[in-house]
Number of protein chains: 2
Amino acid sequence: MKHCIATVSLSGTLPEKLRAISAVGFEGVEIFENDLLYFDGSPADIRKMCEDLNLKIMLFQPFRDFEGGPRSKLAQQINRAERKFELMAELGTDRLLVCSNVQADTSTDDALIADDLHRLAETAAKHGMQVGYEALAWGRHVSSYRHAWDLVQTVNHPNLGIILDSFHTLSINDDLSRLKDIPPEKIVFLQIADAPLMKMDVLEWSRHYRNFPGQGELDVAAFLEPIIANGYNGPLSLEVFNDKFRAAPGVSTTSDAMRSLLFLEEQTASRLKNPAGVQAALFSPPAASAFQDTEFLEFAVNDDSAQRIDNILRQFGFQKTGLHKSKNVTLYQQGSINLILNAEPDSLAHAFFNAHGTSVCAAAYKVADADAMYRRAVEYGSIFYEGKVGPNERHIHAIRSPNGGLQYFVDSDIYSADFHMSKFQGRPHICRIDHTAYGVASEAMDSWTLHFAAIFGFQIEDDLTLPDPYGLMKSRVLRSADGRIRLPLNISENQRTIVSRSMASYKGAGLQHVAFASTDIFATVAALRSNGATLLDIPQNYYDDLQARFGLSDEFTAQLREHHLLYDTDGKGGEFLHAYSPLIEDRFFFEVCERRGGYDQYGAANTPVRLVAQDLYWKKHQESAAMR
Amino acid sequence: MKHCIATVSLSGTLPEKLRAISAVGFEGVEIFENDLLYFDGSPADIRKMCEDLNLKIMLFQPFRDFEGGPRSKLAQQINRAERKFELMAELGTDRLLVCSNVQADTSTDDALIADDLHRLAETAAKHGMQVGYEALAWGRHVSSYRHAWDLVQTVNHPNLGIILDSFHTLSINDDLSRLKDIPPEKIVFLQIADAPLMKMDVLEWSRHYRNFPGQGELDVAAFLEPIIANGYNGPLSLEVFNDKFRAAPGVSTTSDAMRSLLFLEEQTASRLKNPAGVQAALFSPPAASAFQDTEFLEFAVNDDSAQRIDNILRQFGFQKTGLHKSKNVTLYQQGSINLILNAEPDSLAHAFFNAHGTSVCAAAYKVADADAMYRRAVEYGSIFYEGKVGPNERHIHAIRSPNGGLQYFVDSDIYSADFHMSKFQGRPHICRIDHTAYGVASEAMDSWTLHFAAIFGFQIEDDLTLPDPYGLMKSRVLRSADGRIRLPLNISENQRTIVSRSMASYKGAGLQHVAFASTDIFATVAALRSNGATLLDIPQNYYDDLQARFGLSDEFTAQLREHHLLYDTDGKGGEFLHAYSPLIEDRFFFEVCERRGGYDQYGAANTPVRLVAQDLYWKKHQESAAMR
C-alpha cells in the first residue's frame, strides 16, 4: 500500500513537517490548510519542496461547512471553493476533502444537500479536481459514512466520491456492514486513526486524543478489512489530532506513524480470508515469535556502582556465577534469573552509563526463533545493533529499545561461550523475573506501546491511574501472550512524583523496578532480610484496614504484618503477596512477589502504600545523608 | 461559618497536608481514609498532631459500598463499620461519610437499603457516632440527594443524617428545590466543590477536574443559598479531587481554598433576600470597587534593558514625560497609557528583575475607591505591601499579584507628586491599553482566576484552545465589568510552545503581551513603522484565505495585505484589526489593535498566524545572532 500522512498530525512548521514525513519514507502527504496559511511562502514553493523531498501531495483539506448552508451564502461558498481549486492547482494536487457541515443552520433536506454537492462536483470538474465528501462524527445532519455514501450515490457525479475515516466511523460504533458496498473507485481518500476508548464528547476526543493504529483501542483492522477485500489499493493516510504528538519532535512521531500503518496492514492481512492477490500488497513480515521468558537484564554500571549493586544482589540471594572472558562484565544468577553488570569501557553500556547513570541498558528475551524475531523487527523499521564480539564469543541479535538501550532475542544458551562460569550454590530464594517496570515520559507512552504491540506482538492491558503523595501516576502493562513477560510502563504528568523524580535522575526513561517471583514469600522475605536486604516497612494502619476490607483471619493478618507484606486478592481466589526495596541508586527498586491461585494483576491497590513508604524512606535517607 | 477541607484535596503526606491546612486558618479537616492508611503512625498520633495544629477532625471518609450489598456479606460489612468506628474514636471524630453503593450487585429495593442504613445507624449509636449518607452522582441505585433524603427520612434514626455535596448535585443538574426541606440538624456534613463544565463521564470529571468555588462554572452559591437560608451553620468543607492540586505545593493550594470559601460566602450572602441574622455569619468584605482602567504598567529593568525598551517605546510613539524625584524610575506616556521603567537598586523591582529579568513587576488599576479595594483584598487574605516612600511622595495601596509582583489601586492623580513631569508633544498614535496578557504556569491558572474573580470581582470568559506550531496553548480572559480592563491568561502544557519558551526565560509567570488600542489602525501602523518599529510580516496565503472566507472586497483585502494587518469579524458587524511586534527581550511583545462595531473578542483565530510568524522571526533572529 502507499503510505500518506496529514500535516496536522505533526509538530512544527510546514517545512519541518514535510522533512520529517519524507525522512521515514512516506510516499504522500495531506496538506492541512492552516499549515499552508501560516507558511511564509507560496503554494508553489510547497509544491517544489515536496517534489524535492519526493513527496506527492495527495489531498488538500479541509473544506468546511459547505453543503446545506444558507441559500444566501451559496454563491459565496462556490466562489470560496473556486479559490481553493485554484490554490490546489498551484499546489499540484487534485483531491479536496469536504467534511460534513457542523453549523446550526445546516439544512436537513437531503435533496438540497445533494444539489449543493452536485454544484461543487461540477465546479471541481471545471478545474479537473476530485471532491471527497466525509461525514464527521459530529456533523450536524450528516454524521455517518452510510449517510454520506447515500448522498454521493444520489449525486452520482464522476468528480464526487466519499472519504472514509476510521475514527469517525469507529468512534460512534457505526455499523460497518455497508463498507463493502462502496466500490474502491468511489473512495476518494482513506483516512486512518486509532484512539483510546474514552467516555467524553466525541469532538473533544477526536481533537485531542487520536493516536496511531496499535496505540489505541479502536478495531481499525475491522474497519479496513472490507475496504481492502473490495480491492481498494489507494493510499492509507494517517490523520491524527493528538496534543502530545503536536508537542513531540517530528521524526520520532513519523517513525511511529509508519510503523503503525505496517502493523495495521499486518493485522488486516491476518483477517482477510482469501485473495492472495490482495494480501500480497499488504505488509507481511515474519510472524512474531513466541516469547518464553526474560533471558537477562543488563545494567550499565561503573566500578563504584557495580560494588554497591553487587552488595544488594548478594543480599537478595544472587551469586556471581560468570566472569566475561574478554570484558569487564559479570553475571549474577538465581533460579532462572540472569542479571549482568557491564562496566566495560568503550562499550554501548559505557555510553549509556555516561548518559543515564546506573541503569538497565539492555534486556534479552528468550524466544522460539531469534532470527525470525530479529528480521521482523528490522522489517518494522527497528534500528539494529552489532556490538563488538570477541574471538569465539557469540553474536546475539539486538535492536534498539525505545529508550536507546538494547533488546536482544535469544533462542539458545548464550553464557558458556562468553563467560567463565561457576555453579550456583545452595537453593535459590527467588526463581524468575515476574515483571520489569519502566518509567517513561508521558509523551513517549504511545511510542513504547507501539514498539511492543507491533514488533513483539504483546498485549496491552488496561491503563490504571494511581495516587502518588505528590500527584498521579499512570500505569500500562504490555505482556507476552502467556504472561511470562510483563512490562509495566509508568508515566507521570507532573514532576514531583517518585516516577518523575527517578526519571529526572535518569535524564530519560529507565528501569523503574524488577519484580522477582518467589514460591514461598514468607520464607523468602525472612531469608533476604537475614541476608541484610532492606525491604520497606508498611504502616500498621494498612493491616487494620486490610483485615476489615477482606475479612482476613487474625492469624494470616498477623503473619502479613510481621513480614511487612502487602496483600491483594482478585475476589476469585487469586492472591498476590509482595514486598519492596527502597529506591536503589535513587532511581529503581526491587520487588519480591508471590502469585497464588491464578492472580493476574500487580497489586495496584497497594501502590500508594509503597509510594508513601518509599517517599518516607527517601526523605529519611536524604536527611541522614545531609547530617553526615 | 466554620471552614474545613478534606485531606484528599491536597498534595503531600498526611502531616504535610495538616500543616498546610492549619497554616491558613482552617478550623477543621476531613481525614480521607487512604491518607491515614499510608501514614506511618497511629490514629492517636494524628489526633495529637491535629490538636497541636488547632485543627478539629470533623469527618472521617469514605465508607464505601455498604447499603444494599449482597446479604451474605452484611455481617462482614457491619463488622467493617465497627472497626472504622473504633478507629474514629481513636482519631477523636464522631462523623462518618457513607457514600452510596456503586457496585453492580447493589439492590434496588429501597426498603432493604433503608434497613441496612438502620442497622448501620444502630451500630453507630453504640459507639456514639453519627453516620452521614451521601448520594454519589454515579451511585448505582442512589445518585441524587433527593433519593438519599427519602431514605434518611424513612430510616428516621437520630444517628443517621444526610451529607450534601455541591458537585454531586450540580454535576447532574439536579433539581435544587428540595434542599430547603432538609432541616439543618439532619445535615451531618456539607461538602463543597466547583468544576469547569466538561462533556465527559461524571466519575472521571469528579475524580480529576473538580476545583474551588470561583474557579469553575457550577453555580455553587445557588446550591448553598437554600441550605443557609434554612439556618444551617455547621462547617463548609471543601472536597476537591484535582490532578493539578495533587501536584502543587500545599500552602498555595490551601490559601486558595480558604479564599474560595470566603468568595462563596460573599456570593451566597448577596443572594439571600432576608435574614440579617443569617447573613451576619457570612463573610462580608467591602464590595469590589468599579474598575475603570489600567492606570500604569511598571517594568523592572536594568540600565541595559531600560535603554533597549526606551528605544522600542519611542518607536511605538511613547515619550519620556516623567523623571522620578528620588528614584531611578522613568515614566513614558501616550494617550491615557502610562508605562514606568524602574531601574532603582534596593527596590522590589530590583529583586523582581534579579529573579525574572526584564518584566512587568507591577500593574496599577484605576478604581472608584482605592481604599475600599485595598481593604477588600486584605480581608480576602492578600498579602499587602508597603514600599519605600520618599518625602512628599504619595503612598499607594498595593497587594501582591499571583506572580509575586505588585498590584496597585489608584483613585487620583499619582504622578505629579513623585515625578518631574513634562508634557506629551504632538498627537498620540495609540490611546489606551486594550488588554494585558500574562503567561501563566498551567497548574497556576486556577489560582490566578480566583485572585481576579474573588478579589477584583472580574468576569471569567470561556477558555480557548489554540495551536502553536509546537503544541497547544490555552487562553482564558478575566475582565472588568465594562471590559475596560481585560487580562488574557495563557498557559501551555508543553515546553516547546512560544508561551512556554518565554515563561522559561522568566523562570515563572510574566507579561506575555500588551495590546495598545488605536482608533485608526492603518495610520497607526504606518506611523509606527516609519518611526522604526518592527511589526510582524504576515504570510500572503493568509490574505487569500481571508478574502475567500469572509468575502472581503479586493480593495480592503489589499489594504490589510499592504499593512500586514490581521483581521477578524464576529459576524454581527464587529471587526478587529491588529498587528504584533516580534518578541521583545525574548519574552513579551506588543500588539496594536482597533475594535470596530462592538467587537468584543481578541482575534483568537489569528493567534496561530502570529505564533508561526513570531517563531520564524525568532529563529531568523537567533540564526543571525549566531552568525554575528
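Modeller: The contact takes 50 residues from chain A and 50 from chain B; contact here means heavy atoms within 4.5 Å. This is a predicted model: local features need pLDDT of at least 70, side-chain atom pairs count only at pLDDT 80 or more, and totals for chains, interfaces and linings use all residues. Residues are numbered from 1 along each chain as its sequence is written, chains are lettered from A and ligands numbered from 1 in the order in which they are written, and side-chain values use heavy atoms, with hydrogens and water left out.

Start with area. Chain A and chain B bury about 4000 Å² between them. That is the accessible area (1.4 Å probe) that two parts lose on being put together, summed over both. Carbon and sulfur atoms carry 56% of it. On the chain A side, Leu37(A), Tyr38(A) and Asn541(A) lose the most area to chain B. Together they account for 16% of what that side buries.

Now the polar part. Between chain A and chain B, 24 residue pairs are in polar contact, both residues at pLDDT 80 or more. A polar contact is a pair of N or O atoms within 3.5 Å; within protein, one must be able to donate a hydrogen and the other to accept it, and residues adjacent in sequence count only if both atoms are side-chain atoms. Several elements of chain A each supply at least two residues to the side that touches chain B. Among them are helix 2 (33-37), helix 4 (74-91), strand 20 (464-468) and strand 21 (471-479). Helix 10, helix 19 and helix 21 are also on that list. Helices (H or I, at least four residues) and strands (E, at least two) are DSSP runs, numbered from the N terminus.

Six salt bridges run between chain A and chain B. A salt bridge is a side-chain nitrogen of Lys or Arg within 4 Å of a carboxyl oxygen of Asp or Glu. The whole structure has 74 of them over all chains.

Take Asp545(A) and Lys84(B). Their closest N and O atoms are 2.7 Å apart. The pair crosses from helix 19 (residues 540-550) of chain A to helix 4 (residues 74-91) of chain B. Asp545(A) and Lys84(B) are both buried, that is, under 20% relative accessible area, with exposed over 50% and partly exposed in between (1.4 Å probe, protein chains only).

Next, Lys619(A) and Glu16(B). This salt bridge has its closest N and O atoms 2.9 Å apart. Lys619(A) lies in helix 21 (residues 607-627) of chain A and Glu16(B) in helix 1 (residues 14-23) of chain B, so the pair joins two chains. Lys619(A) is partly exposed, at 25% relative accessibility. Glu16(B) is partly exposed as well, at 25%. Salt bridges that share partners also link Glu16(A), Arg501(B), Asp615(B) and Lys619(B) into one network. A further bridge between the chains pairs Asp40(A) with Lys620(B), at 3.8 Å from N to O.

Then the symmetry. A rotation of 180° superposes chain A on chain B, with 0.0 Å of shift along its axis and an RMSD of 0.0 Å. The two copies are therefore related as by a two-fold rotation axis. Met200(A) comes closest to the axis of the residues of chain A, with its C-alpha at 1.9 Å. Of the interface residues of chain A, 100% are also interface residues in chain B, so the copies meet through the same surface.

For comparison, here is a salt bridge within chain A. Glu239(A) pairs with Arg210(A), the closest N and O atoms being 3.5 Å apart. Glu239(A) sits in the loop between strand 8 (236-238) and helix 10 (243-247), and Arg210(A) in the loop between helix 8 (202-209) and helix 9 (220-229), so the pair ties together parts that are 29 residues apart in sequence. Glu239(A) and Arg210(A) are both buried.

How values were computed. Copies are superposed by least squares on the C-alpha atoms of residues with pLDDT of at least 70 in both.
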